[in-house]
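Open the model in your viewer and keep the selection tool at hand. Each stop tells you what to pick and what is there.

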Amino acid sequence: MPTSPSLVTDPSPAPRSRNRRADLVVVLAATALAIWVTSGMWWDPNTRAITVNSSDQALFEWLLAFGGHSVTHGENPFFTHLLNVPDGVNLAVNTSITVYAVVFAPLTYLVGPPATFLVILTLNLIATAVAWYWLISRYLVNSRLAAGVGALFIGFCPAMVSHANAHLNWTAGWLVPLLIWGVFRLRRPGRAVRGGIVLGLLVALAFSIAAEGLFFTALAVALFLVVWGVHPSRRAEIRAALPSFAGGLGVTALVAGVLLAYPLWLHFAGPQRFHGTGFDPLIHSEDIAAYGSYPRRSLAGWAGLGTSLAPNPTEENSFFGIPLLLLAVACFALLWWRAERAFRATLAALGVTAVVFAVLSWGPRARWNGRRTHQILPFGVLDNLPVINAALPSRLALVVAPVIGLLLAYTVDRLRARPPRHRATTGVWALGFAVALLPLLPTPLLTSVREPIPRFITSGHWQQYVSPDGVLTPLPLTVDVTPDGQRWQAYALAHGQGEFRIPAGFFLGPGGPGGRGRIGPVPRTFDSLMDQAGRTGLEPIITEGSIEESLADLHYWRVETVILADRVHGAKYDIHEDAVHRTATALLGQPQRVDDVWLWKVPPP
């Protein structure tokens, strides 16, 4: 059987024959699929939002606007006092996408945060498929068709499409093949320093865009290397490469440590840090049955075969369908049967990595088809360890998709290099690939019309009612379910209007049970009353005590102006603006009408 140059068998593969036509076809296919998935927003990014996750979209748009503003105004990109007055927000423990914000700052200033968000999201999907194609075609297989099949599956697998619902961090899957390439290059003799510098830069880049994804990649690569290295056929190679590899890792740690020293200090020891996360690992774990189910944004889901086994539509991290699982097993069996002893080390490492991460993704306790069992699983033992306790177990399933993609690529490559003797067997394999992959073809993300930013903000009229560096709050206060305040801030920052601060915000910060994190600040009387009115449509009972406590809250936040727009965006439910208006009037008195908002001036203490 012909042996293709491989990243895990040959640290310095021979130059590959170029097939630019095939390369172009894959790039065009990835571009077409990415635009298809995001097509609902391309008509007008400023008026459309992702239906199932408009809150995260608002957060990332804010991060893009703030990142560019911090660079042009010399502010700290890793900590801000624009949110959560007076304590501020530690962005190093949030998903700050700093590199994206800086690189795309000119575009943000030119076309605005919503359009920049859409451009990055689309480029992420394209780049993920193209980067995997580059790695697979240049280092792992001979067939460009095989590389295209594997790469396009990985780039548009159910997990990537579900995270395209506004997750700019998780859709940056192009980082993973670059990190894998960087790790295996460290084995090259005499290249420890150069390879370590390159990998160190990649680590710093990945941390600034998707720190959790970097952590998962490191765990997966480490597990792969351990299993691969203990195989008898690899022990001599490991002993020979170990000095260069260890030296390269040392250089990597030094380079990444220098670049990330301040963000890491903020992450683990800075103000407004927290331990763990505010998300329940029991809820955010993968249902075992989800692996054989179909995702909602796919042809199978469009045909009514999708399920709701994920904790939410953005976390369909497995959902491969039974045909693809059976095909993956068949691919593994064929490759194992045809493989020489050395390649079986790679197959064993891939298989163990997929199984371990699949089991870990099931979380602390097993769940089957929505029913929770009392069976404690490995993640339940590891959940108390530092760093691991900040990970959502369901996202560990993201490691499984690349393994399946690699098995598909290797299988197509082997079948093309050594076709089956009987034509019928070739037809069976082709049918198997079609039945497994066609139902997973993605459908466009659901989008809807977003509430317009009030003219009071877009015209800059707000500057007459808020002192420089002053605090303004929309009603209800800004949190994940009512993200308007950060959308308004993003507009003001990106259009050079200056800064206003808000007392809450959509972020992860301290205040959760047991010292863990929580979304947004700990609620106080005023925001609790506003939330109750907006969510239920019922005006809460207002007493002299609640008026005094609400004024005390506003003075604590240093709020000067309270604003209620005619239409308030609710990310999870409709907001009852009339009930919010009546409640705010009972607490603060009659408002004045300014442009298209109701405005209350907060009396001084």
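Predicted model: local features only at pLDDT ≥ 70, side-chain atom pairs only at ≥ 80, totals over all residues.

**Stop 1: a helix pair.** Select residues 54–72, helix H3, and residues 484–494, helix H19. Their axes lie 8 Å apart and pack at an angle of about 30°. Angles under 35 degrees count as roughly parallel, so H3 is roughly parallel to H19. The crossing of H3 past H19 is left-handed.

Now show side chains at the contact. On H3, pick Ala58, Leu59, Glu61, Trp62, Ala65, Phe66 and His69. They meet Gln486, Arg487, Gln489, Ala490, Leu493 and Ala494 of H19. By class, this H3–H19 contact has eight nonpolar, three polar and two charged residues.

**Stop 2: cis peptide bonds.** Select valine 85 and proline 86. The bond joining them is cis, with omega about 5°. Proline 86 sits in the loop between strand E2 (79–80) and strand E3 (89–90).

Next, select leucine 475 and proline 476. The peptide bond from leucine 475 to proline 476 is cis as well, with omega near -15°. Look for proline 476 in the loop between strand E7 (471–474) and H19.

**Stop 3: positive phi.** Select isoleucine 97, in the loop between E3 and helix H4 (98–103). Its phi is near 40°, positive in a non-glycine residue. Is isoleucine 97 buried or exposed? Isoleucine 97 counts as buried because its relative accessibility is 0%.

Finish at phenylalanine 319, in the loop between helix H12 (299–302) and helix H13 (322–338). Phi of phenylalanine 319 is positive too, near 50°. With 0% relative accessibility, phenylalanine 319 counts as buried.

Technical notes:
Residues numbered from 1 in each chain as written. Heavy atoms only, no water. Axes fitted to C-alpha atoms, helices over the stretch in contact; angles between N-to-C directions. Helix = DSSP H or I, 4+ residues; strand = E, 2+ residues; numbered from the N terminus. Parallel < 35°, antiparallel > 145°, perpendicular 65-115°, else oblique. Left-handed = near helix turned anticlockwise from the far one by under 90°. Contact = heavy atoms within 4.5 Å. Nonpolar A, V, L, I, M, F, W, Y, C, P; charged D, E, K, R; others polar. Buried < 20%, exposed > 50% of the residue type's maximum accessible area, 1.4 Å probe, protein only.
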